[in-house]
Amino acid sequence: MLDLKFIRQNPETIREMLKSRGEEGPLDELLDLDEQRRSILVEVEQLKARRNEVSEQVAKLKREKKDADDIITEMKGVSQTIKDYDEQLRVIDEQLLDRQLRLPNMPHSSVPVGTSDEDNVELRQEGQIPEFRFEVVPHWDLGVNLDIIDFERAGKVTGSRFYFLKGQGACLERALINFMLDLHTGAHGYTEIFAPFLVNKESALGTGQLPKFGEDMFKVEGQDYYLIPTAEVPVTNLYRDEILDGSLLPLNHVAYTACFRSEAGAHGRDTRGVIRVHQFNKVELVRFVEPDNSYQELDTLVRHAEVVLQKLGLAYRVSQMCTADLGFTAAKKLDLEVWMPSYGKYVEISSCSNFESFQARRANIRFRREQGAKPEFVHTLNGSGVAIGRCLAAVLENYQQADGTIIVPEVLRPYMSGVKRIE
RNA sequence: GGAGAGGUGACAGAGUGGCCGAAUGUGGCGGUCUCGAAAACCGUUGGAUGCCAUUAGGUGUCCCGUGGGUUCAAAUCCCACCCUCUCCGCCA
């Protein structure tokens, strides 16, 4: 959410921003509602001031045991008028907030303007793309052949876009989670969080999933609970409606959670394998930082995510998203894409964003630079560190052998009872 | 799920209709004292938002879990909901 005052004072900047994102935003409605709101506010506040003044007189007269019937009668009328105005305001406020919540974030000045993902900018490639002297097998076939992934039975038990992991497959998933958690809590100094997998509407509003993207989440029927699409939601909302002590910043959290996405509108894309599914695991990094250095901190965050891939010996590249591919909430977003041999291209495995004060304003997360200082909004950052399902797929594919077995990357072996090869 | 208690400022804790944005204490900040510190003493210390002036500021409104209601007037009375705690039941 953007600052209402900023929107009011810079409508043309917002208009250009929407254009560069290729989006329509309810800007004109918003400006109009804001105008209405303030004019009514002036009226009603004058009346309230009058009422407060008279109330004091009434109190005084009663204390002196004098008659106050005349002004009481007058105030009955005034109070009714106030009530009417307040009702109008309530309606306007609600609409105004709704429009405000539907306006996307301002891209940072370093973000390239573009019209599609083709305008994203590759920043660098890292690691060696493996060469195979045999026909590369996609991870879904590798997994099924080794009897460590079962898509068919998952279709029976739940539905399409779900899968079971079995034996060494399940163990590999668990190894990846623990390896990443240990890396981030250890070398990178994050504090681990284990969060609820269900959140309420306020939290979904806070991080920006609602009101615009409700259809992408699973909702619990008859209850105000949503299955989290990412740990970003519960972990960012940890400090909703709080004023943090500035000396605690930056506040760095790492969380493993399952993630649930309805993938509405993704029919026909990545239908095979574990790349696009309704439930997957992810280790997420969430940071609360001071506004002054949030872009530096974003770079740090990206580096932390990169270390995961480096240690696993996977080739990847880092790309900067253009205005069209930023997403609703980000001011700047860098994606890590891992090399996926069966695709013959890089596949997104981590997305690292600076939201600046966009989420903090929605979720009302503030900090004080020092005791007694004015509260300011923090900047929130997050990034996958990294997506477990896709990472498992990448490990299977990149470490596959001619005989269909999988070499276990060195760093994962301690997490797999020393197993060196899945066969 | 049943019964009860409770939600007030950073924290503790008063306040049962008007003089309450809210006593008091603790903490924080500034000062006096001191070579310095502690103690003591004095002062100060919430958030949101509108209007005017925009350099300083001035002025108004709202906020006592949330939302409604009663009233000229609500932290205070009424209703609903949320959350916390205690006991019972159930359960991993």
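Mentor: Strand S12 (residues 345–354) pairs with S15 in the antiparallel sense over three bridges. Bear in mind that this is a predicted model.

Trainee: Okay, and in S15, which residue is the bridge partner of asparagine 354?

Mentor: Asparagine 354 falls within S12, residues 345–354. S12 and S15 run antiparallel, and in S15 the partner of asparagine 354 is leucine 381.

Trainee: How many bridges join strand S9 to S15?

Mentor: S9 covers residues 279–289 and runs antiparallel to S15. One facing pair puts valine 289 opposite histidine 379 of S15. As for the bridges between S9 and S15, the count is seven.

Trainee: How many of the residues of S15 are buried?

Mentor: S15 spans residues 379–387 and is mostly covered. To count as buried, a residue has to be under 20% relative accessible area. In S15 that holds for nine of nine.

Trainee: Which residues have the most contacts inside the largest nonpolar core?

Mentor: That core has 64 residues. In soluble globular proteins, nonpolar side chains tend to be buried together. Among the buried residues of H7 are Leu172, Leu176 and Met180, and the residues with the most contacts in the core are Leu172, Leu176, Met180 and Leu314.

Trainee: And how many residues does the second, separate core have?

Mentor: Leu4, Val58, Ile82 and Leu103 are included in this second core. Its total is 25 residues.

Trainee: Back to H7: what does helix H7 reach from its first C-alpha to its last?

Mentor: H7 runs over residues 168–185, 18 residues in total. At 1.5 Å a residue you'd expect 26 Å, and the model comes close to that, at 25 Å.

Trainee: Last one, for the whole chain: what percentage of the residues of chain A count as buried?

Mentor: Chain A has 12 helices and 17 strands, and its C-alpha trace spans about 100 × 45 × 40 Å along the principal axes. Its accessible surface comes to about 20,700 Å², with 46% belonging to carbon and sulfur atoms. Of its 423 residues, the buried share is 49%.

Note on methods
Residues are numbered from 1 along each chain as its sequence is written. Chains are lettered from A and ligands numbered from 1 in the order in which they are written. This is a predicted model: local features need pLDDT of at least 70, side-chain atom pairs count only at pLDDT 80 or more; totals for chains, interfaces and linings use all residues. Side-chain values use heavy atoms; hydrogens and water are left out. Helices (H or I, at least four residues) and strands (E, at least two) are DSSP runs, numbered from the N terminus. The expected span of a helix is 1.5 Å times one less than its number of residues. Buried means under 20% relative accessible area, exposed over 50%, partly exposed in between (1.4 Å probe, protein chains only). Two strands pair if DSSP finds at least two bridges between them. A nonpolar core is a set of buried Ala, Val, Leu, Ile, Met, Phe, Trp, Tyr and Cys residues joined through side-chain atoms within 4.5 Å. Accessible areas come from the Shrake-Rupley method with a 1.4 Å probe; for residues, only the protein chains shown count as cover.
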